[in-house]
Amino acid sequence: MAAECLFCKMISGTIKPQTVYEDDKVLAFKDINPQAPVHVLLVPKQHLATLNDLDAKNADIVGALVLAAKKVADDYGISRSGYRTVINCNADAGQSVFHLHMHLLGGRLMHWPPG
Ligand code: 5GP
Ligand code: ZN
């Protein structure tokens, strides 16, 4: 846990997000500024600032995030219509919260390439 980290505060319960899924490795909650009808953030319970902090020792986090996203998409009923998962890493990608997280976006037609 990182004391000043917004998402760590959600994981510890200091701040209560709108949780949609939780397991031993992942917390998933609604984004406060949704960019699609479904916009959920999936965060590992272990504090890692960015994707660059992933390595062989904590690679299980990647599988846990992806499988949780798949489950949340299914729960929202968008598995067949489609959805997008995104991990922004550092400045050029527009990362604004430095606790690794995966966006799950769906419920509308997505465009490519993203801006
Ligand atoms: P990033 O830009 O780092 O990839 O994504 C950070 C996301 O966190 C943004 O989509 C932003 O709307 C969301 N966010 C920022 N602050 C809060 C908050 O206090 N609560 C929730 N639920 N989402 C937040
Ligand atoms: Zn954190």
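Which residues are the closest to ligand 1? The legends below begin with the whole chain and then return to this point.

**Figure 1. Overall view of the predicted model.** The chain contains three helices and five strands. Read from the N terminus, these elements follow the order α-β-β-β-α-β-α-β. Along the principal axes, the C-alpha atoms occupy a box of roughly 35 × 30 × 30 Å. A compact globule of 115 residues would have a radius of gyration near 13 Å, and the 14 Å of this chain therefore agrees with that expectation.

**Figure 2. The open sheet of five strands.** The strands are arranged in the order β1-β2-β3-β5-β4, and their pairing is antiparallel. Strands β1 (19-22) and β4 (83-86) form the edges, each pairing on one side only. From one strand to the next, the twist averages 20°. In general, the strands of a sheet pair through backbone hydrogen bonds, either parallel or antiparallel.

**Figure 3. The hairpin of β1 and β2.** Three residues lie between the two strands of this hairpin. Strands β1 and β2 run antiparallel and are joined by three bridges. Within this pairing, tyrosine 21 stands opposite alanine 28 of β2.

**Figure 4. The pairing of β3 with β5.** Strand β3 covers residues 38-44 and strand β5 covers residues 102-106. The two strands run antiparallel, with five bridges joining them. Histidine 39 has leucine 105 of β5 as its bridge partner.

**Figure 5. Helix α2 across the sheet.** Helix α2, formed by residues 60-76, lies across β1, β2 (26-30), β3, β4 and β5. The helix runs at about 155° to β3.

**Figure 6. The surroundings of ligand 1.** Ligand 1 is surrounded by 16 residues, of which the closest are Lys30, Asp31, Asn88, Ser96 and His103. This list answers the opening question. Histidine 103 places a polar side-chain atom 2.8 Å from an oxygen atom of the ligand. When ligand 1 is taken alone, 520 Å² is exposed, and the protein buries 80% of that area.

**Figure 7. Backbone atoms facing ligand 1.** At valine 97, a polar backbone atom is 3.0 Å from an oxygen atom of ligand 1. At isoleucine 32, a backbone N or O atom lies 3.3 Å from a nitrogen atom of ligand 1.

Methods. Residues numbered from 1 in each chain as written. Chains lettered and ligands numbered in written order. Predicted model: local features only at pLDDT ≥ 70, side-chain atom pairs only at ≥ 80, totals over all residues. Heavy atoms only, no water. Pairing = 2+ DSSP bridges. Helix = DSSP H or I, 4+ residues; strand = E, 2+ residues; numbered from the N terminus. Axes fitted to C-alpha atoms, helices over the stretch in contact; angles between N-to-C directions. Contact = heavy atoms within 4.5 Å. Near = heavy atom within 4 Å. Polar contact = N/O pair within 3.5 Å; in protein donor to acceptor, adjacent residues only side chain to side chain. Areas by Shrake-Rupley, 256 points an atom, 1.4 Å probe, with all protein chains shown as cover. Rg over C-alpha atoms; globule rule 2.2 N^0.38 Å.
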